[in-house]
Amino acid sequence: MSDLSTSIKKLYFDFPVFNASGILGATESEIKKVLESEAGAVVIKSVTLEKRPGNTGVRFYWDDIGSINSMGLPNQGIDYYCNLADKLTKYNKPVILSIAGFKEDDYKKIIAKADKVPFSAIEVNLSCPNIEGKGIFAYDYKTMFRLLKDLRKKSKKVLGVKLPPYTQREQIKGIAENFVKIGIDFITTMNTFPLSTYIDYQKETMRIKPNMGIGGLGGKAVKQIALAQVLLFKEYSNGKLPIIAVGGISSAADVYEFILIGATAVQIGTALLKNDTKIFVQIKKDLSTLLKEKKVKRLSDKIGNLKYL
Ligand SMILES: Cc1cc2nc3c(=O)[nH]c(=O)nc-3n(C[C@H](O)[C@H](O)[C@H](O)COP(=O)(O)O)c2cc1C
């Protein structure tokens, strides 16, 4: 069987496919369910300083094309997850904590707590599109770089940043160059595409309730966008920023495409919601078959190994 393993700094993935933040990973039983599945790691739901119920009403909808959500960061609060950290080490898989805040100080307080317990890495979510009245940090470059410099100084953990999609090459270039300078260990791209909506023409209503029915788009609809984000971050960081890809991944072929374009690992959101953890079993089986057919001995040899026409 081909070797499916990859690594980022101290993070070793024997199978580099796992859940995206916000899909399973919000409670102890969900986190354990991912760790007990074929997934190569777990990402914990973005946590805030205090426990939050999130937005009210219908806040998630999906169809064959994609998904829309405006969850509003429902989670148990940082202390709940810190108290769990010790119990999760026995699985011997990376446990990545995603953190979110409403102001810079929130991130600093959360990371101070998270740094004291055995999480394997921290994914700083600067890209949540679903908090009413709050902008997306990752679109405010000055604030983002200032905050990350500070978090980098404060944290000894493997430190990654979850980014939203960008629409201009210059934005990606500026971020990639600054992240390399700051010493960011990896990026996760991408969060949902903000300002999207679904409507129900039969009922003549929006599909979700919060924020006038507007939320973040995920699923198959965003895969082509996510692929290009990975390529450009790889290119503009001169390969110095390892990338965890997320966006529209649901099959072994998708995983292979993202590896070829430069990802070191991938996460699954919408397709995990639809298929539950059996999707990891299917992808592992299909990816092994694919690599065998292609006579690829090590998946990691294929990272970024794509040819331009
Ligand atoms: C229901 C739902 C909740 C999400 N919650 C979070 C979250 O808490 N933190 C985060 O960084 N991303 C969150 N996301 C975004 C996903 O992690 C992922 O980046 C996005 O859905 C694109 O992947 P996909 O196309 O596989 O769904 C959420 C997505 C969905 C659908």
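Two residues count as in contact here if their C-beta atoms, placed from the backbone, lie within 7 Å. With that in hand, the buried residues of α4 pack against α3 (104–114), β8 (121–125), β9 (158–163) and α5 (169–182). Keep in mind that this is a predicted model.

**The annotated span**
- UniProt, in an unreviewed entry, carries the annotation "domain: Dihydroorotate dehydrogenase catalytic" for residues 4–291.
- That stretch, residues 4–291, is 37% helix and 22% strand.
- Its end C-alpha atoms sit 9 Å apart.

**Helix α4**
- Running over residues 141–154, α4 has 14 residues. From first C-alpha to last it reaches 20 Å, close to the 20 Å expected at 1.5 Å a residue.
- Which residues of α4 are buried? Met144, Leu147, Leu148 and Leu151 are.
- These four share one side of α4, because they cover an arc of only 100° around the axis.
- The general rule behind such a pattern: an α-helix has 3.6 residues a turn, so residues three or four places apart point the same way.

**Helix α5**
- α5 also comes in at 14 residues. Its reach from first C-alpha to last is 20 Å, close to the 20 Å you'd expect at 1.5 Å a residue.
- The buried residues in α5 are Ile172, Ile175, Ala176 and Phe179.
- Why do they end up on the same side of α5? They cover an arc of only 100° around the axis, which puts them there.
- Glu170 and Lys181, on the other side of α5, are exposed.
- The cover over the buried residues of α5 includes β9, β10 (186–189) and α7 (223–236).
- So what comes after α5? Glycine 183 follows the helix, with a positive phi near 95°.

**Around the ligand**
- How many residues surround the ligand? There are 27, and the closest are Ala20, Gly22, Gly218, Gly269 and Thr270.
- Elements giving two or more residues to this shell are β4 (42–47), β6 (67–69) and α9 (270–275).
- Sorted by class, the shell has 15 polar, 10 nonpolar and 2 charged residues.

How values were computed. Residues numbered from 1 in each chain as written. Predicted model: local features only at pLDDT ≥ 70, side-chain atom pairs only at ≥ 80, totals over all residues. Expected span 1.5 Å × (residues − 1). Buried ≥ 20, exposed ≤ 12 C-beta atoms within 10 Å, placed from the backbone. Arc of directions from axis to C-beta. Near = placed C-beta within 6 Å. Nonpolar A, V, L, I, M, F, W, Y, C, P; charged D, E, K, R; others polar. UniProt positions renumbered as here; feature names shortened; annotations may be inferred.
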